[in-house]
Amino acid sequence: MELGEDPEREGLARTPLRVEKAMKFLTSGYAANIDAVLNNALFTVDYSEMVIVKDIDFYSLCEHHLLPFFGKCHVAYIPRKQVIGLSKIPRLVEVFARRLQIQERMTNQIAETIREKIDPLGVAVVCEGTHLCMSMRGVEKQNSFAVTSAMLGAFRDNARTRMEFLELVKLRGAAPTGLSAGAGLACVTD
Ligand SMILES: [Zn+2]
């Protein structure tokens, strides 16, 4: 690939090494073992109210351009028998963010993993992301961000439960009812 640069110049000489190191870190989610991440943090409890962890920062890379997308992730579930240690939820988000991703899939993977591991009555995950592959390249609106959601179980079946969750996380962008309109904005342009 010709960028018109001199790859031998001092500032660039070690750049391939640095990029490799950075990429290994930014995609370290592939090597993470979910069970090891959640190790000793699943607890059996007599609690069936909504558990919410909101404003979890995430940083990921879009798989189409290898440019960052980042923002906040909000996770909720209603336990059936088990809960996950609260500090493990951001770790779980990290495992899926540190991969080559599209925001829709990352959102689903977080929700599905929680469903798989503790079989809750419901899981909800909403992610709000700014995509540099859109803003840096001048595609679409500069400050637009994508909202994606995954609603399983009670959050899918019960509108009141879903509204309670959306009210509690108070999205900075679209009103809760506008969710579906804002979703599905992942970059697919060249
Ligand atoms: Zn992209």
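Helix α5 covers residues 103–118 of this predicted model. At 1.5 Å a residue, its 16 residues should span 22 Å, and the end C-alpha atoms lie 23 Å apart, so the two values agree. Which residues of α5 are buried? They are Q103, M106, T107, Q109, I110, A111, T113 and I114. In general, an α-helix has 3.6 residues a turn, so residues three or four places apart point the same way.

Helix α2 (residues 15–26) passes the same kind of length check. Its 12 residues should span 16 Å at 1.5 Å a residue, and its end C-alpha atoms are 16 Å apart, so expectation and model agree. Burial in α2 is another matter. How many of its 12 residues are buried? The count is zero, and the helix is hardly covered.

**The chain as a whole**

The chain holds nine helices and seven strands. Of its 190 residues, 31% are buried. Contacts between residues at least 6 apart in sequence can be split by separation: 74% of them join residues at least 24 apart.

**The sheet**

Five strands form an open sheet with mixed pairing, in the order β5-β2-β3-β6-β7. β5 (100–101) and β7 stand at the edges, each with a single partner strand, so one side of each has no neighbour in the sheet.

Strand β6 spans residues 122–131 and is mostly covered, with nine of its 10 residues buried. It pairs on both sides. With β3 (residues 68–78), β6 runs antiparallel, and 10 bridges join the two. Across that pairing, K72 stands opposite E128 in β6. With β7 (residues 145–153), β6 is again antiparallel, over nine bridges. There, C127 has T148 of β7 as its bridge partner. V126 stands opposite S149, also in β7. As a general rule, side chains in a regular strand alternate between the two faces of the sheet.

Helix α4 (residues 88–97) lies across β2 (51–62), β3 and β5. It runs at about 20° to β2.

**The nonpolar core**

The largest nonpolar core has 33 residues. Those touching the most other members are C73, V75, V93, I110, V123, A124 and V125. Two or more residues come from each of β2, β3, α4, α5, β6, β7 and α8 (159–169). Which element gives the largest share of this core? It is α4, with six residues. In soluble globular proteins, nonpolar side chains tend to be buried together.

Leaving aside neighbours within four places in sequence, A124 contacts A76, M151, F155, R162 and F165. I110 is among the core residues touching the most other members, and I110 is also one of the buried residues of α5.

**Loops and positive phi**

Most residues other than glycine have a negative phi. Two exceptions follow.

D119 comes directly after α5. Its phi is positive, at about 45°, although D119 is not a glycine. The residue lies in the loop between α5 and β6.

N40 sits in the loop between α3 (34–37) and β1 (42–44). N40 counts as exposed because it has 7 C-beta neighbours inside 10 Å.

A41 belongs to the loop between α3 and β1 as well. With 14 C-beta neighbours inside 10 Å, A41 counts as partly exposed. What does A41 contact, leaving aside its neighbours within four places in sequence? The partners are I84, G85 and K88. A41 and L86 are 45 residues apart in sequence, and their C-alpha atoms are 8.5 Å apart in space.

Methods
Residues are numbered from 1 along each chain as its sequence is written. This is a predicted model: local features need pLDDT of at least 70, side-chain atom pairs count only at pLDDT 80 or more; totals for chains, interfaces and linings use all residues. Helices (H or I, at least four residues) and strands (E, at least two) are DSSP runs, numbered from the N terminus. A residue is buried if 20 or more other C-beta atoms lie within 10 Å of its own, exposed if 12 or fewer, and partly exposed in between; C-beta atoms are placed from the backbone. Two residues are in contact if their C-beta atoms, placed from the backbone, lie within 7 Å. The expected span of a helix is 1.5 Å times one less than its number of residues. Two strands pair if DSSP finds at least two bridges between them. Axes are lines fitted to C-alpha atoms, for helices over the stretch in contact, and angles run from 0 to 180 degrees between N-to-C directions. A nonpolar core is a set of buried Ala, Val, Leu, Ile, Met, Phe, Trp, Tyr and Cys residues joined through C-beta atoms within 7 Å.
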